[in-house]
Amino acid sequence: MLIRKLAHLSDLHLDLTRESDATATALVQTLLAERVDHVVVTGDLTHQGSQLEYQHFRQLFAPLLDAGRLTFIPGNHDRTGEDAGSQWMEGRKVRVEHHEGLYLVCVDSTGPHNRNYFACHGELSQAVVDEVDAALSAAPTGALTAVLVHHHVLPLPEESFPERFATRMGWPHASELALGAELVRRVQGRCDLILHGHRHMPREFNLGSFQGRGLRIYNSGSSIELGGFRLFQHAAGRLVGEPEWQQTALPPAPKRSAPNVMPALQYLASQLAMSLF
């Protein structure tokens, strides 16, 4: 059997700093060295949703993009600022990609509310769940099938004070997708993987076999902060063994609060200006 490799990255938050550039470059070098067949990035490619950050991502990941070996979807950070991520799905909420031995159902879980820097939660409508269902009905046999979405589909622990505060206040900002559990139920037995990001700590769920087909859910975590990514192997439409964690030659980048402060202040200033004028 021909064994292929699939890498899952997310939450790059490229902010045009030397630190994020260095780690992103190391990630690309590691992906190329591992001869990964295909790479998926499940959102938050940019930090402030700017076109410059997006073009910078395309430059850094050009060796994979130019070879047709990379798939990405928007995250909530990609919708802030200049809203660079609004164009990536070509106006669709669900898009399907076929690659060698791979069938990807790409889902846009962002919404207009993500233009607000602080409203970081996702949205998933019944129509989108139905569209994913229909896309899976068309999945070919013999291909590993994965659903890509930015926001988490099942509850996860809060990872920061703002997330804990939002939950305490009853706000949805740190919550899982409202129809996430239904999405999971609908794809079981017809899909091998749900890959997402949003939360920066990697986690996983093994839901076991349903109608002879297993389903696993993986949160990538922030590939920049972690300096690494999960690597899956697959053949004849099924996973081969357990995923492995691939680390770059660089040490993980320390988590910094400073890059979050400026866009937050800029957003507050813009809202204040709008209210005054």
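This is a predicted model: local features need pLDDT of at least 70, side-chain atom pairs count only at pLDDT 80 or more; totals for chains, interfaces and linings use all residues.

Colleague: Okay, and how do strand 5 and strand 6 run, parallel or antiparallel?
Modeller: Strand 5 (residues 102–107) and strand 6 (residues 144–148) run parallel, with five bridges joining them.

Colleague: What's the strand order in the sheet they belong to?
Modeller: The order is 4-5-6-7-9-8. That makes six strands in an open sheet, and the pairing is mixed.

Colleague: Which strands stand at the edges?
Modeller: Strand 4 (94–99) and strand 8 (203–210). Each has a single partner strand, so one side of each has no neighbour in the sheet.

Colleague: And how much are neighbouring strands turned against each other?
Modeller: By 15 degrees on average, ignoring direction.

Colleague: What about helices? Which strands does helix 4 lie across?
Modeller: Helix 4 (residues 126–137) lies across strand 4, strand 5 and strand 6, and its angle to strand 5 is about 170 degrees. Helix 6 (residues 180–187) lies across strand 7 (193–196), strand 8 and strand 9 (213–219). The angle between helix 6 and strand 9 is about 150 degrees.

Colleague: Switching topic: which residues make the nonpolar surface patch?
Modeller: F161, F165, M169 and W171 make that patch, which covers about 440 Å².

Colleague: Where is F165?
Modeller: F165 is in helix 5 (residues 161–168).

Colleague: Why does F165 count as partly exposed?
Modeller: Because its relative accessibility is 38%, and partly exposed is the range between under 20% for buried and over 50% for exposed.

Methods
Residues are numbered from 1 along each chain as its sequence is written. Side-chain values use heavy atoms; hydrogens and water are left out. Two strands pair if DSSP finds at least two bridges between them. Helices (H or I, at least four residues) and strands (E, at least two) are DSSP runs, numbered from the N terminus. Axes are lines fitted to C-alpha atoms, for helices over the stretch in contact, and angles run from 0 to 180 degrees between N-to-C directions. Contact means heavy atoms within 4.5 Å. Patches are made of residues with over 30% relative accessible area and no salt bridge: like charges are joined within 9 Å, nonpolar side chains (Val, Leu, Ile, Met, Phe, Trp, Tyr) within 5 Å. Accessible areas come from the Shrake-Rupley method with a 1.4 Å probe; for residues, only the protein chains shown count as cover. A salt bridge is a side-chain nitrogen of Lys or Arg within 4 Å of a carboxyl oxygen of Asp or Glu. Buried means under 20% relative accessible area, exposed over 50%, partly exposed in between (1.4 Å probe, protein chains only).
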